[in-house]
Amino acid sequence: MKLDGRRSSNNVEDRRGSGRGRTIAGIGGIGGLIIAALFVWLSGGNPLSVISQGGSSFASSDEIRSEYQPTPQEEAYADFAKKILAGTEDVWTEEFKKMGLAYRAPKMVLYTGSVESACGQASSAVGPFYCSGDETLYIDLSFFDQMDKQMNAGGDFAFAYVIAHEVGHHVQHLLGTLSDAHSQMARMSQTEANKLSVRTELQADYYAGVWAYHDNRLFNSLEEGDIEEGLNAASKIGDDYLQKQAQGYAVPETFNHGRSDQRVRWLKKGAASGSIRDGDTFSPNYNSL
């Protein structure tokens, strides 16, 4: 991606070095306030059940504060994340204006170890997540290294896709889609709730593509191979792919983010269309998503 000369977002709070250490995340539902998408991509678990209800801490906050020194690579990631967040602000402000609405930009918190959010305490093990309770994205930047080295899903646009997906959940929150979905899921069987979760996640993928379309239109930001990086990342985070990698087979009724081909399809569709109105993942027959 071409980001030289781009502004950085001011909606960023840097809490790196002030976490509670590498807390082991417990599993506990919190009423669907949080979407910890990338943790589920790695584990195949329930996206609404990833907040720590305590856990074990390996280091005190004072120890981490005194010892923490960001690497040059991490600082580069931080600069990158701030510019991508700024790009989402510019794009979604414009897109909401077209709909006669005002966009309220989310905050981004950079952290290490663990973090407190309005949705509860979470460890870096959950990956980047969005909390609608405080309209904030949370990210431990080491996750980008994990994408690159462990998932073979690196690249600047792949990293941007991660942020844009979480911002997509914020867009859903502002439009009322996220709360409606969570309300419905609370009244459904687990299998049906998983299907609605898939629809929600695929729409966030679509919105990430919409952002890419307009970011490129406004700033000529995309380079050859960028979209392919994002599609590769999407293919590596499908529920079917991850379950087969982990256990050798897939269990479709447990999918809650979508198959690899679905995630690729909706990200690609958003990047080609650029229209928020074409991102209805809730009306089509589930088997045709």
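**Stop 1: the disulfide**

Select Cys119 and Cys131. A disulfide joins these two residues, with 2.0 Å from S to S. The model you are viewing is a predicted one. The structure holds one disulfide, and here you have it. Look along the S-S bond: the link of Cys119 and Cys131 is right-handed, with 90° about that bond.

Now colour by secondary structure. Cys119 sits in the loop between β4 (114-117) and β5 (120-123). Cys131 belongs to strand β6 (residues 129-131).

The cut-off for buried is under 20%.

**Stop 2: the whole chain**

Zoom out. The chain has 10 helices and seven strands. Of its 289 residues, 53% count as buried. Consider contacts between residues at least 6 apart in sequence: 77% of them join residues at least 24 apart.

**Stop 3: the largest nonpolar core**

In soluble globular proteins, nonpolar side chains tend to be buried together. Next, select Trp92, Phe144, Met147 and Trp211. The largest nonpolar core has 52 residues, and these four touch the most other members. Several elements give two or more residues to this core, including α3 (72-98), β3 (107-110), α4 (142-149) and α7 (190-219). Which element gives the largest share? Colour α5 to see the answer: α5 provides 10 residues, the largest share of this core.

Stay with Trp92 and show what surrounds this side chain. Leaving aside neighbours within four places in sequence, Trp92 is in contact with Tyr103, Val167, Val171, Tyr207, Val210, Trp211 and Ile276. Another core lies apart from the largest one. That core has nine residues, among them Ala122, Val126, Cys131 and Tyr138. Cys131 is the cysteine from the disulfide with Cys119.

**Stop 4: two crossing helices**

Hide everything but α3 and α7. Two packed helices are described by the angle between their axes and the distance between the axes. The axes of α3 and α7 come within 9 Å and cross at roughly 95°. Angles of 65 to 115 degrees count as roughly perpendicular, and α3 and α7 are therefore roughly perpendicular to each other.

Now show side chains at the contact. From α3, look for residues including Ile84, Val91, Trp92 and Glu95. From α7, look for residues including Tyr207, Trp211, Asp215 and Phe219. By class, this contact has eight nonpolar, three polar and six charged residues.

**Stop 5: Asp156**

Select Asp156 in helix α5. Asp156 counts as partly exposed, because its relative accessibility is 25%. Beyond neighbours within four places in sequence, Asp156 is in contact with Met1, Phe80, Asp226 and Glu229. Asp156 and Gly230 are 74 residues apart in sequence. In space they are 8.8 Å apart, C-alpha to C-alpha.

**Stop 6: Glu135**

Finish in the loop between β6 and β7, at Glu135. Is Glu135 buried or exposed? Glu135 has 17% relative accessibility, so Glu135 counts as buried. Show what surrounds this residue. Not counting residues up to four places away in sequence, Glu135 touches Arg104, Pro106, Lys107, Tyr130, His170, His173 and Leu174.

How values were computed:
Residues are numbered from 1 along each chain as its sequence is written. This is a predicted model: local features need pLDDT of at least 70, side-chain atom pairs count only at pLDDT 80 or more; totals for chains, interfaces and linings use all residues. Side-chain values use heavy atoms; hydrogens and water are left out. A nonpolar core is a set of buried Ala, Val, Leu, Ile, Met, Phe, Trp, Tyr and Cys residues joined through side-chain atoms within 4.5 Å. Buried means under 20% relative accessible area, exposed over 50%, partly exposed in between (1.4 Å probe, protein chains only). Helices (H or I, at least four residues) and strands (E, at least two) are DSSP runs, numbered from the N terminus. Contact means heavy atoms within 4.5 Å. A disulfide is a pair of cysteine sulfur atoms within 2.5 Å. Axes are lines fitted to C-alpha atoms, for helices over the stretch in contact, and angles run from 0 to 180 degrees between N-to-C directions. Angles under 35 degrees count as roughly parallel, over 145 as roughly antiparallel, 65 to 115 as roughly perpendicular and the rest as oblique. Ala, Val, Leu, Ile, Met, Phe, Trp, Tyr, Cys and Pro count as nonpolar, Asp, Glu, Lys and Arg as charged, and the others, Gly among them, as polar.
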